[in-house]
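Biologist: I would like to learn how to read a structure like this one. Please take one feature at a time.

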Amino acid sequence: SVNSDASVGQGRWATDGTLSLTASPFKKLQLTGGTRATRTGPSLWHRSSGGARSNSFDARWFPSAGIDLAGGVARSRSGSGGGVSSLTRNARVTLRPGKRLQLSGTYSRSDLTTQIPGTSQLQGREVFTTQAGLALSRTMSVGANLNLIDPHGGNFSRQYDLTLTKDFGR
């Protein structure tokens, strides 16, 4: 196959390392942090011809039985030196007011920074999502989603989904 990245042909070795830690300092709080690094090169010990690194931090708080609050931030960088990097921030609220109903809302903002010699361009994407789910019976449920993508930008779009699910058993 043809690939426009010349460093791919030099990469005969690939390594990947991941470290993730989760802590629950309190019963209703969960914290997770992680890092990941990948590398390609002509051999295991020589200088790398390509690679990427990412770091993330997420927090979840359960203030009561029917409420779940979550948020996080992730940063990734590919290439060497001034490669492409991105920063993503997200927040989510989930409410379960009863056994059959679940409501949630999510906000996500992603910035993609592209380094060009002598300049820096910033491109981003912002997404708002709302979801509702209702169990009609033990075997049937209905769900609705609304996605607003880049509502303040030039590429604004909306997406609506309505689903009806029936479980026919085995």
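Modeller: Helices (H or I, at least four residues) and strands (E, at least two) are DSSP runs, numbered from the N terminus. This is a predicted model, in which local features need pLDDT of at least 70, side-chain atom pairs count only at pLDDT 80 or more, and totals for chains, interfaces and linings use all residues. Residues are numbered from 1 along each chain as its sequence is written, and side-chain values use heavy atoms, with hydrogens and water left out.

Biologist: How many helices and strands does the chain have?

Modeller: The chain has zero helices and nine strands. From the N terminus on, its elements read β-β-β-β-β-β-β-β-β.

Biologist: Is Thr129 buried or exposed?

Modeller: Buried means under 20% relative accessible area, exposed over 50%, and partly exposed in between (1.4 Å probe, protein chains only). Thr129 has 14% relative accessibility, so the residue counts as buried. In the chain of 170 residues, buried residues make up 14%.

Biologist: Which residues does Thr129 touch?

Modeller: Contact means heavy atoms within 4.5 Å. Not counting residues up to four places away in sequence, Thr129 touches Ser104, Gly105, Thr106, Leu146 and Asn147. With Asn147 there is also a polar contact, side chain to side chain, of 2.9 Å. A polar contact is a pair of N or O atoms within 3.5 Å; within protein, one must be able to donate a hydrogen and the other to accept it, and residues adjacent in sequence count only if both atoms are side-chain atoms.

Biologist: What is the case for Thr22, buried or exposed?

Modeller: Thr22 is exposed because its relative accessible area is 51%. Thr22 belongs to strand S1, residues 13-26. Leaving out residues up to four places away in sequence, it touches Gln30, Leu31 and Thr32. The side chains of Thr22 and Thr32 are joined by a polar contact of 3.4 Å.

Biologist: Where is Ser56, and which residues is it in contact with?

Modeller: Ser56 is in strand S3, residues 50-64. Apart from neighbours within four places in sequence, Ser56 is in contact with Thr32, Gly33, Gly34, Val73 and Ala74. Its relative accessibility is 31%, so Ser56 counts as partly exposed. Sequence and space can also be set side by side: Ser56 and Arg89 are 33 residues apart in sequence and 9.8 Å apart in space, C-alpha to C-alpha.

Biologist: How many salt bridges are there in the whole structure?

Modeller: Side chains of opposite charge can pair when their charged atoms come close. A salt bridge is a side-chain nitrogen of Lys or Arg within 4 Å of a carboxyl oxygen of Asp or Glu. A search of the whole structure finds six. One of them joins Arg36 and Asp16, at 2.5 Å from N to O. This pair links distant parts of the chain, since Arg36 is in strand S2 (residues 29-41) and Asp16 in strand S1, 20 residues apart.

Biologist: Which residues are linked in a network of salt bridges?

Modeller: Arg60, Asp68 and Arg92 are linked in such a network. Within it, the side chains of Arg60 and Asp68 meet at 2.3 Å, N to O. Asp68 is buried, because its relative accessible area is 2%, whereas Arg60, at 30%, counts as partly exposed.
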